[in-house]
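The exercises below are meant to be worked with the sequence and the 3D structure open side by side. Try each task before reading its solution.

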Amino acid sequence: MADFTALFGAPSARPPPRPSAPPPEAAPPSKKRKRQKGKKPAAEPSAAAAPAPAKKSAGDAARAQLAGARFRHINELLYTQGSADSVALFEREPGFFDAYHEGFRLQAARWPVNPVHLVTRWLRAQPETWVVGDLGCGDAELARSVPHRVHSFDLVANNERVTACDIARLPLADRSLDVAVFCLALMGSNYVDFLREARRVLKPRALLKIAEVSSRFANLPAWLAMLDGLGFELLDRDGSNSHFLLFTFRKRAAAPPPSPVAAVPLKPCIYKRR
Ligand SMILES: C[S@@+](CC[C@H](N)C(=O)[O-])C[C@H]1O[C@@H](n2cnc3c(N)ncnc32)[C@H](O)[C@@H]1O
């Protein structure tokens, strides 16, 4: 199982490591040529002609390190504090949201597979009449990539597709969505409130799609039992990916029993200090 550092890794002053497998959209690697005995390898014309990669100045490296440290700090806050505090954080420090997303995009570009692409592929195979909620949408890549009507929500609206809100309190009517998506968005100590809110806005028997980092699940059976208690029936669990788990749940038509459901915490994706 991949640990958090592998996904939300170290600061970007160093060149990114090679991913352990090519992303689905990557071209297949070229075949290696065998070196014949005694023969010197022919010079690679393109390599010989290519300019040496520009060296980072000390200033650039320091800036990259600072940006990495800032990203890690914001990321840690988003995972460990309640969502009301995250709303307040971005109100206080408007620049933090772009800093977080710049860092997130850099991290995601290094992953073998980005789960938002898996969710996109899945959604493209579903009826186009479905109304979708992308809860914790980032920059709304999902809305840009599918033909469906998508309501995209995040703490800050960084483009015109996104509605700013805390997904613990969605500006949507009861029973208005055919599918609710949480793609790496169960952040915050009160993430169970997001699931309850998703249940409110989903139509009866509508779907809940969750993609999360595998290593966040310290006790998966307990977590699945909690989802069941919240009124979600597990339809599919895809663990074929080394880093992420994908789940499809269906909202049960009957309301869950009124007894309170004990929250099962998910581990935050925070990284070791170097
Ligand atoms: C790791 S990013 C993933 C973004 C996008 N779903 C993707 O997969 O590319 C998680 C997003 O969830 C958002 N988020 C976390 N807690 C939230 C909350 N309470 N309300 C709205 N958005 C939230 C964060 O701001 C962040 O943009």
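**Exercise 1.** Which residues have the most contacts inside the largest nonpolar core, and how many residues does this core have?

*Solution.* The model is a predicted one, in which local features need pLDDT of at least 70 and side-chain atom pairs count only at pLDDT 80 or more, while totals for chains, interfaces and linings use all residues. Residues are numbered from 1 along each chain as its sequence is written.

Begin with the term: a nonpolar core is a set of buried Ala, Val, Leu, Ile, Met, Phe, Trp, Tyr and Cys residues joined through C-beta atoms within 7 Å. A residue is buried if 20 or more other C-beta atoms lie within 10 Å of its own, exposed if 12 or fewer, and partly exposed in between, with C-beta atoms placed from the backbone. The largest such core has 51 residues, and Leu135, Ala180 and Val181 have the most contacts inside it. Strand β5 (residues 202–213) contributes the largest share of this core, 7 residues; helices (H or I, at least four residues) and strands (E, at least two) are DSSP runs, numbered from the N terminus.

**Exercise 2.** With which residues is Val181 in contact, leaving aside its neighbours within four places in sequence?

*Solution.* Two residues are in contact if their C-beta atoms, placed from the backbone, lie within 7 Å. Once those neighbours are set aside, the partners of Val181 are Val119, Val132, Gly133, Asp134, Leu135, Leu142 and Lys209.

**Exercise 3.** At what angle do helix α3 and helix α5 pack?

*Solution.* Axes are lines fitted to C-alpha atoms, for helices over the stretch in contact, and angles run from 0 to 180 degrees between N-to-C directions. Helix α3 (residues 58–80) and helix α5 (residues 95–108) pack at about 105°, and their axes are 9 Å apart. The two helices are therefore roughly perpendicular to each other, the term for angles of 65 to 115 degrees. On the α3 side, Ala67, Gly68, Arg70, Phe71, Ile74 and Asn75 meet Phe96, Ala99, Tyr100, Glu102 and Gly103 of α5.

**Exercise 4.** Is Ala143 buried, exposed or partly exposed?

*Solution.* Locate Ala143 first, in helix α7 (residues 141–145). Ala143 has 18 other C-beta atoms within 10 Å, and is therefore partly exposed. Beyond its neighbours within four places in sequence, Ala143 is in contact with Asp134, Val150, Ser152 and Arg161.

Definitions and conventions:
Angles under 35 degrees count as roughly parallel, over 145 as roughly antiparallel, 65 to 115 as roughly perpendicular and the rest as oblique.
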